[in-house]
Amino acid sequence: EGFRYDVEGRGNPSDMPAFLPLSPTLGAALFAGTVYVFGTLLSGYPSSRLGSVYPARELGYDKIRGEYSAPAAAIFLVTSLYTLVSLLEGLDVYIQAGIYASITLFGLWVKLGTPVSMPSGPRDHPMDRLPEWDGKTHRFHAGWRVEVDQESHEITEKEVANGHKLTGEAAGRQMWYFDEKEAKCGPEDKSVLDFNAAKNPNASDQIFRDQQIRKWKAKGGKVPDKSWKPATALDTARKGMAFYQMLQCSDGHFAGDYGGPHFLMPGLITVWYITGKDESFISKGKREAMIHYFRVHQQKDGGWGTHIESPSTMFGTTLCYIALRLLGVPKDDPAVVKGRAFIKGQKGALYTSSWAKFYLCLLGVMHWEGHNSIPAEFWMLPDWFPFHPGRLWCHCRMVYLPMSYLYSLRFVYPEAETDLVTLSLREELYCEAYDSINWDATRHWVAPMDNYSPKPWTMRVAQDILAYWERLGGPILRLFRGYGLKFAIEYMKAEDLQTNYVDIGPVNKVLNMLSSWVDGGMDVKDDNFQKHILRVPDYLWVAEDGMKMQGYNGSQCWDTSFAIQAIAEAKLADEFPECTRKAYRYFERTQILSTEVSRATPAFKYEGEESRRRFYRHVSEGGWPFSTSAHGWPISDCTSEGLKGMLTLRPFDVIKKWKQAPPMTDQRYFNAANVLLTLQNFDGGFATYENNRGYGWYEALNPSETFGDIMIDYSYVECTTASLQGLVAFHKMFPKHRSDEIKASIANAKSFLKRIQRDDGSWYGSWACCFTYAAWFGIEGLVLCGESLESPSIRKCVEFLKSHQNDNGGWGEDFRSCYDKRYAIEGMKAYGDEQGSGVVPTAWALMAILKAKNPIDKVCIEKGIHYLMRRQLDSGDWPQEGISGVFNRSCGITYTAYRNVFPIWALGRYAREYIPIL
């Protein structure tokens, strides 16, 4: 009745003409019209505002941010309210009031309640199994050498010799090749080739480190030894840096093992096998090194874990098993026999997780009916559709992109029906006869050990509906699938060019590669496929446990930025001038699409608004990567760390007085700040590669089983604090540039950090193990935002950390903290010291408490500092302990650089920042 009126103030209002008649049909039409106008007609207008922050926003739906403009939101609100009022007209007034109150409360809960980025936990079902190995020591063969920068390009182009050239900046690229001279002279100490997983499944990276130290000696460098006995924290840091500088590569980056997951290399081997087993793709020497890796990591029960510290899983075991068989290991080999016994003991490969099933289907040893649908036609949905694949987290999106292409083609290895290995695998992997299996009935089967994120009923129902769509879709399915397939291959080709054929990660790398081969007529000489082959070495690393596939093409920029900040905070940059200058030059070369070389690549052509809009790509120019400029994907925290690396070193004499310093224009810094500002989410936190374009309920559609929280780009305490640090450092250097935006960004981030802090004072770490790591970022972030050092938020976190300090002064966690979402009960006892302490988590905890700068923490801090000093080796190195990194809640990943960088940083912070306040 509120829409009706009586002009003369008398009579029955309902008898008067309606200003706007209440009609649900009209409301729905208005709402649909609003969606069409702002979601389609005005989307992308004006194009210059794509992905921009308020107030300079597109008028319609911005597919880069996953958000509508303010005018669109206001009109949506009006049309929604009108439709709601129309629907409720005629109901009892109390019922209407109750519905309105419920909607209001829901809105307040969304705005003020627990953020969607708040990790749940602890888990109801913590990990209840531990890995176990046979205790045998394996010796790897000598002969593998690493090369970097332009030399790595030359060696790869010579080895592959397909007439194509590598594109993009060479800085940071690292590749391993077999060298006969190295095989003969090798390391002086052959024990660096030994590996025993029972002692520690984490390789110590001794082959790389031994080579770098030999190079250092050859050019007359001094090597620290036991005669240097540090008496202070600063001198311990100095000795640590004297050792660590020897590992720096010629182009300025710090390299290291970034392996750990077992499920990556089998995918590469499967694609190699399907595409014809080309020798330039994976050579005989590499195949032997890969076989060695699988053998030394096989566990006592015959299985392999999802990663090196994981107990055996069907996911890891099924993939490692088929990898060995495809590499030529016979089925009666003892390792294969043990692996097969494990698989069949878990009811066969029908119970492995979906990603493993996908590779089995490609290989032709599982029917596609046994795999749930991944329809390419989903890409044809309108961009504004509430569940569009363009809204997914980029790693999830870029993996399921080639999966949707290959699934929708129902691609199968062309020789599956005649290949003796695949025919044998059909017998080896299952407990029942292959031809008797009802594949459709097995689509949802998964072993409990693989089922980290059980599919809710919503996803199972959705997948069952899609199964009917696959069977009954007919010509409509074929029509839309054809469009979807065309877009999918176009999108993959764009991703290949945007990343110089590196691609965002190892899973989509190998699947893009296979898709390229299929699209090229299954011709191994296809140009795109051959360009892919050139980038395979970027993902391979060699250590004493053999050849592995890394979780990225390395962690070069990330590790180097931490090393430089550690040197700078300890005020040691001028004492290590060569190291400092090389790193500074590396940062300059690594800023994405900012150098002459990088801007001459096809990737730069895709930086235009139209290309970014078509392929859901956030702005790249000015950001820094996790690995290399050629990789091309900027990340919020990596951009910040690169920016901080440059800004931190500028005041030191070693850079100020350097006449050959590479030029850095102000605009390049402005571009970096722009990348950071555009990556802040609606909740005030910062995501990884992109804004959160989706919704928390997407996790109810997580199809992976093995991984957690993979569907959207959440805000993280680590990314938020790192981005704040970059913005604060930038603001100090350029106080007039976008000053108001930066101040607003800091205020919003502070609120976010407080909202995701747990009741016990801790924060959950999503990218490393785990609570000590997150505490460092949490406290740093609040201090940066101007929080008082006496703040309850800061003091609660400090007390949380102090409650977990061991008697020997150290702290310890392993990946189970991340997996179980609770502080690991035994700390790092498996691969740390006897009390469960480790040097890396101890350094993180100290970094957090030191940032709080409170004299009352003196005893706790000094115990931790003395622990790090005692644990330093005579060489200046620290021991390799447990796995440090993690991703997607459940998978550990290696950072061998952490054992050096963070003890140096914590010791330097103590000496330079904490001692002066006492």
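Trainee: Which residues lie nearest the centre of the second largest pocket?
Mentor: This is a predicted model, and the second largest pocket in it has a lining of 22 residues. Its volume is about 750 Å³. Those that lie nearest its centre are Glu-569, Thr-648, Ala-729, Lys-732 and Lys-851.

Trainee: Which element gives the most to the lining of the second largest pocket?
Mentor: Two or more residues of that lining come from each of helix H19 (556–569), helix H24 (636–649), H27, helix H29 (771–784) and helix H34 (898–914). The element that gives the most, with 5 residues, is H27.

Trainee: How are the rings of Phe-411 and Trp-517 arranged, given that the whole structure has 77 aromatic pairs?
Mentor: A pair of aromatic rings is described by the distance of the centres and the angle of the planes. For Phe-411 and Trp-517 the centres are 6.2 Å apart and the planes stand at 90 degrees; because planes over 60 degrees apart count as edge-to-face, the pair is edge-to-face.

Trainee: How many residues apart in sequence are the parts that this pair ties together?
Mentor: Phe-411 belongs to the loop between helix H13 (394–409) and helix H14 (420–428), whereas Trp-517 belongs to helix H17 (residues 506–519). Both Phe-411 and Trp-517 are buried. The pair therefore ties together parts of the chain whose separation in sequence is 106 residues.

Trainee: What is the angle between the planes of Tyr-669 and Phe-734?
Mentor: Tyr-669 in helix H26 (residues 666–678) and Phe-734 in the loop between helix H27 (717–733) and helix H28 (739–755) are 65 residues apart, and their pair links distant parts of the chain. Tyr-669 and Phe-734 are both buried. The pair is tilted, with a centre-to-centre distance of 5.7 Å and an angle between the planes of 40 degrees.

Trainee: Which residue in S3 stands opposite Trp-144?
Mentor: Strand S2 (residues 144–148) pairs with S3 in the antiparallel sense, over 5 bridges. Because 4 of the 5 residues of strand S3 (residues 174–178) are buried, that strand is largely enclosed by the rest of the structure. The residue in S3 that Trp-144 faces is Phe-178.

Definitions and conventions: Residues numbered from 1 in each chain as written. Predicted model: local features only at pLDDT ≥ 70, side-chain atom pairs only at ≥ 80, totals over all residues. Heavy atoms only, no water. Buried < 20%, exposed > 50% of the residue type's maximum accessible area, 1.4 Å probe, protein only. Pairing = 2+ DSSP bridges. Phe/Tyr/Trp six-rings, centres within 6.5 Å; stacked < 30°, edge-to-face > 60°. 1 Å grid on protein atoms, 1.4 Å probe; cavity = no way out; pocket = protein on both sides within 12 Å on 5 of 7 lines; lining within 4 Å. Points joined across faces, edges and corners; volume = space filled by probe spheres on them.
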